Structures are given as C-alpha cells and as structure tokens.
Amino acid sequence: MSHAVVTGAAGFLGSHLCDALLARGDRVTGGDNLVTGRRENLEGASSVGARALPGGRELVLPGDSNQLGKLLGGRVMHWIDLAAAITANRHAGHVAVTASIDSLEFLHSIQVGEVVHLVAQVNWVGRTSMEVGVDVYGENMDTGEKRKTSTAFLTFVALNQEGVPVEVPPLLLTSPEDEERFHAAEARRHERLKRRRR
Ligand SMILES: CC(C)(COP(=O)(O)OP(=O)(O)OC[C@H]1O[C@@H](n2cnc3c(N)ncnc32)[C@H](O)[C@@H]1OP(=O)(O)O)[C@@H](O)C(=O)NCCC(=O)NCCS
C-alpha cells in the first residue's frame, strides 16, 4: 500500500531532495557524511520539487580516475549510494540501509577536472521502504556545460535502533510530475519484487 498524500497541505516535506556535491575520496560536501558520522552544513539543499544543480566547488582528481582520465564507475556508485542514503535517512528520520540498487546507467563519462553533482530524491515510499532516484551530472569548468552522466534507482529500508524495519512518513506529492514519478517508481518496485521472488 502506498502512503502518498496528494495535496498541497503543509506539514510533510515529501519529495526530499539532497543536492550533494561530491569531491575526491569519501567526502560528501554540502551534506551529511553518513560513513564518518561527520555533519556538515547542507549547502545547496533544495525545496520540494526543485531539481536545480548546486554551484560547482570541487574537482574530480586523478586519484578518482582510470588510465584514460575518466572518473571510475565504482566511485560514482559509492557516491550515488551515499547521496541516496542521506536523502532516505532524512525522509525516514531513521537510519536507512540499501536494500537494492537497480537501473544504474552510465550515459557519459566524467573527466578529471570536471565537477560532479548528485541530485537525489525520494520518488516513492511504501511501509518501511523508499525508492530514491539519483541523477549524476558532470560539469565542465571551462565551458560551464553540465550534462547528466548517470541515473540510478535505489531502495532503502528504514531501521530502528534494534535493526528492525520501521514505518516511514508518507510522501507529499505536490505536482503532476511528483505523482508521475511516484507511479513510475511504484511500477519499478512491482518489477523489482517480482525479480526477487524468482
Ligand atoms: C533490507 C533489509 C532490512 C530487509 O529486511 P527484510 O527482513 O526483508 O524486511 P521486510 O521483509 O520486512 O521488508 C521490509 C521492506 O523492504 C522491502 N524490501 C526488502 N528487500 C528488498 C529488495 N531487495 N528490494 C526492494 N525492496 C525490498 C520490502 O518490500 C518491504 O517494503 P515495505 O515495508 O515498504 O512494504 C534486510 O534484507 C537487510 O538488512 N539487508 C542488508 C542491508 C545492508 O546491509 N545494506 C548495505 C549496507 S547499508
């Protein structure tokens, strides 16, 4: 059963969005680093529905790249997981663990010297699980061009202190786009659970 609330009512911040600007290593700037537990100011946090990119601040350096100077896919996956975890955690108000990652596509590569932006958003919530969508953008500092390089859908489950799944708040859908995103995510969940049962 979905927990969608399709109104403009105040109260729930539904489509949580985390714009996380990522740098080399495991550091997440502009967000909370769940790995180290360090909390930093959330620069670039956006309100419901907005998907604007935050300003670029950090570069992809050679240590993040392969021999061709392209950002490693594994690094991108790690950052995607972190950005999604922060967003799911925020929505749930609990620790959220990754249950599955699917539909991860690398559309374009990101070069050393470019800036990486991640935009994560809760697309759908169930009882204890959430689907978070993450879009990755590469920014060429010379030209100012930003293009989407990867997109991924992740499922997180909120856990209490005992590690037991707990209910998550409903999602406030404030626009037709929110509703469309919710229903698309619900369809993906259906397929995901079918695959899981096989
Ligand atoms: C994710 C986990 C908590 C689910 O536990 P579980 O015993 O299957 O829990 P439940 O059967 O009660 O399912 C809980 C919710 O997760 C969903 N779920 C569980 N596994 C899923 C999967 N692989 N894909 C999508 N959703 C999944 C269920 O559909 C249910 O959703 P709902 O409450 O919104 O209806 C458990 O499998 C786990 O701890 N996995 C390891 C997580 C981990 O270590 N991740 C990496 C580090 S963060």
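A nonpolar core is a set of buried Ala, Val, Leu, Ile, Met, Phe, Trp, Tyr and Cys residues joined through C-beta atoms within 7 Å. A residue counts as buried if 20 or more other C-beta atoms lie within 10 Å of its own, as exposed if 12 or fewer do, and as partly exposed in between, with C-beta atoms placed from the backbone.

## Model and confidence

The structure is a predicted model, in which local features need pLDDT of at least 70, side-chain atom pairs count only at pLDDT 80 or more, and totals for chains, interfaces and linings use all residues. Residues are numbered from 1 along each chain as its sequence is written.

The average pLDDT of the protein chain is 76, and 71% of the residues score at least 70; pLDDT is the predictor's confidence in each residue, from 0 to 100. Over residues 1-57 the value stays under 50, and the model has 122 contacts beyond four places in sequence for this stretch. Two residues are in contact if their C-beta atoms, placed from the backbone, lie within 7 Å.

## Overall organisation

The protein chain contains two helices and eight strands, arranged along the sequence as β-β-β-α-β-β-β-β-β-α. Helices (H or I, at least four residues) and strands (E, at least two) are DSSP runs, numbered from the N terminus.

Of the 198 residues in the protein chain, 37% are buried. Among contacts with a separation of 6 or more, 73% are between residues 24 or more positions apart.

## Strand pairing

Two strands pair if DSSP finds at least two bridges between them. Strand S5 (residues 115-125) runs antiparallel to S6, to which 10 bridges join it. These two strands form a hairpin with three residues between them, and Gln121 stands opposite Gly133 in S6.

Strand S6 (residues 129-139) is in turn joined to S7 by 11 bridges, again in antiparallel orientation. Across this pairing, Glu131 faces Thr155 of S7, while Val132 stands opposite Leu154. The hairpin of S6 and S7 has six residues between the strands, and Gly144 takes a positive phi near 80 degrees there. Strand S7 (residues 146-159) also runs antiparallel to S4 (residues 95-106), with nine bridges between them; Ala96 is placed opposite Ala158 in S7.

In soluble globular proteins, nonpolar side chains tend to be buried together. Here the largest nonpolar core has 39 residues, and Ala84, Met130 and Val134 have the most contacts inside it. Two or more residues come from each of helix H1 (73-92), S5, S6, S7, strand S8 (171-172) and H2. The largest share, 10 residues, is that of H1.

Strand S6 is mostly covered, with 10 of its 11 residues buried. Leaving aside residues up to four places away in sequence, Val134 touches Ile80, Ala83, Ala84, Leu118, Ala120, Ala152 and Leu154.

Ala152 lies in strand S7 and is classed as buried because 23 other C-beta atoms lie within 10 Å. With residues up to four places away in sequence excluded, Ala152 touches Ile80, Ile101, Ser103, Leu104 and Val134. The C-alpha atoms of Ala152 and Asp102 are separated by 6.5 Å, although the two residues are 50 residues apart along the chain.

Leu61 is found in the loop between strand S3 (28-29) and H1. With 13 other C-beta atoms within 10 Å, Leu61 is therefore partly exposed. Its C-alpha atom is separated by 8.4 Å from that of Glu114, which is 53 residues away along the chain.

## Ligand surroundings

There are 13 residues around the ligand, of which Ser100, Gly126, Arg127, Thr128 and Ser129 come nearest; a residue is near a molecule or strand if its C-beta atom, placed from the backbone, lies within 6 Å of it. S4, S7 and helix H2 (176-197) are the elements that give two or more residues to this shell. The largest share, four residues, comes from S4.

By class, the shell holds four nonpolar, six polar and three charged residues. In this classification Ala, Val, Leu, Ile, Met, Phe, Trp, Tyr, Cys and Pro are nonpolar, Asp, Glu, Lys and Arg are charged, and the others, Gly among them, are polar.
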